[in-house]
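User: Please take me through some of the helix packing here, with the reasoning spelled out.

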Amino acid sequence: MPPTDLLLSLLDPSVRADPYPVYAALQRQAPVAEGPMGIVVVSGHAPVAALLRDRRLSSDYRNSSAFRAWLSEQDADLDAWDADDAQPFLLRDPPDHTRLRRLAASALAASALAPGALGRLEPRIAALTDGLLDVAAARAGDDGTVVDLVAEVAAPLPLAVIGELLGVPEGDRVRLQAWSHDLARAIDPPFLLGEAERAAAWEAVEAFHGYLADLVAARRRSPGQDVVSALIAARDEGAALSDEELRGIVVLLLAAGQETTVNLIANACLALLRHPDELARLGADPTRAASVTEETLRYDAPVQLRDRVALTDLRVGGVDVAAGTTLLLLLAAANRDPARFPAPERFDPDRDTSGHLGFGAGIHACLGAPLARLEARVVLERLATRLRNPHLATDDLAYRDHIALRSLRELPVVVDGIRPA
Ligand code: HEM
């Protein structure tokens, strides 16, 4: 199958359940290939790792010729798009990216996320996880109870953690989850989105900003220990952060901290359930949770791909790339490149995972990686300790309609009871 057809096949729900054979086929044909609609698809580990660090590429899709052509067709105001301050720094280039990322990093460091403070967060994450498992335990019998690990653990836990860090009142978090679901579609490459999804993502951004305007006003009146208060302090100390930029950072932290961590936890649980010997080893030695987490980031990456735009004419892996071209960097394919990871299709928490691209690399490398690793490790430890004889209720698992995020809809697991905390 030519690269274009292979790539488009990822839109097919049955292929999405297991995209790895498609990635492997792409990689075998050419680690860098011309794909549909003039985009360039990169699947080899070496070129993806190099391009993530290449300053001749932009993270701002407003530089894409295809996107600008589409905007002109819609009679959109190009200047208004270019001046949009709410654009999150995930999608910006230096110098704006540098300034905004630095502020976000210092606000996180001023909160419970300071490197030295992460240890203090650990018991809180364990308590939140135990609380969720207690709710499931209350209705679980001694045998054959089905627990949906996505709805009952993997989704609510990161929402509670990031909600607490940002100081979002508990009652508002369900609304945030709905918005961040819609928003997460916007992480997919714009040309793969339908009109309805694009519209839903925009509505979510607007609703989110409206909500945050009130939250920011409330924190300004009475600051707390949370990240929003830290960002306001930075802004008010003349850090040249506009209100829109401030809200853009909070939206990014919420969406990036929620949608991805759910998938890391769920993907790790699925990998363990499909490898019962590894599940048993984790049960016997919960300290293996850290290496299970790291291998999951390689083996079944929660963020499967990112897009970039060439700022100048380039030649990549023998392919000429004109300025304005979109490049699709397949992180999940790179993580399964046999040239970098021997027997890449084997789930092996004991392997050397260094160099995996699960958190990206270069100037946009994930800012929340320490938190995500901590959450996944603690949840896996608690699950391994408390679930009795867990096994998959079905092998017929469905994924959400994302291309970029590997997002299980549900993960029903049969347990013979849940041990007390
Ligand atoms: C398993 C969980 C997570 C995964 C797999 C993940 C993955 C990634 C990846 C691949 C990128 C790079 C994007 C690019 O190069 O274009 C990224 C960026 C980012 N992540 Fe995460 N992330 C996770 C959790 C989190 C959490 C918990 C937070 C916040 C508390 C967070 C905040 C961010 C931010 C702010 C960026 C943008 C960095 C920049 O543009 O400079 N992420 N993440």
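The questions and answers below concern helices of this predicted model.

User: What span is expected for α11 at 1.5 Å a residue?
Analyst: Helix α11 covers residues 173-184 and has 12 residues. From its first C-alpha to its last it reaches 16 Å, close to the expected value. That expected span is 16 Å.

User: Which helices do the buried residues of α11 pack against?
Analyst: The buried residues in α11 are Leu176, Trp179, Ser180, His181, Leu183 and Ala184. Their packing partners are α12 (195-221) and α14 (243-273).

User: Are α16 and α18 oblique or perpendicular to each other?
Analyst: Helix α16 spans residues 289-299 and helix α18 residues 369-386. They pack at an angle of about 125°, and their axes are 8 Å apart. Angles of 65 to 115 degrees count as roughly perpendicular. The pair is therefore oblique.

User: How many charged residues does the contact of α16 with α18 have?
Analyst: From α16, the residues involved are Ala289, Ala290, Val292 and Thr293. In α18 they meet Arg373, Ala376, Arg377, Leu380, Glu381 and Ala384. By class, the contact has six nonpolar residues and one polar, and the charged residues number three.

User: How many residues of α18 are buried?
Analyst: Helix α18 has 18 residues, which should span 26 Å at 1.5 Å a residue, and its end C-alpha atoms are 26 Å apart, in agreement. The helix is mostly covered. Of its 18 residues, the number buried is 15.

Technical notes:
Residues numbered from 1 in each chain as written. Predicted model: local features only at pLDDT ≥ 70, side-chain atom pairs only at ≥ 80, totals over all residues. Helix = DSSP H or I, 4+ residues; strand = E, 2+ residues; numbered from the N terminus. Expected span 1.5 Å × (residues − 1). Buried ≥ 20, exposed ≤ 12 C-beta atoms within 10 Å, placed from the backbone. Contact = placed C-beta atoms within 7 Å. Axes fitted to C-alpha atoms, helices over the stretch in contact; angles between N-to-C directions. Parallel < 35°, antiparallel > 145°, perpendicular 65-115°, else oblique. Nonpolar A, V, L, I, M, F, W, Y, C, P; charged D, E, K, R; others polar.
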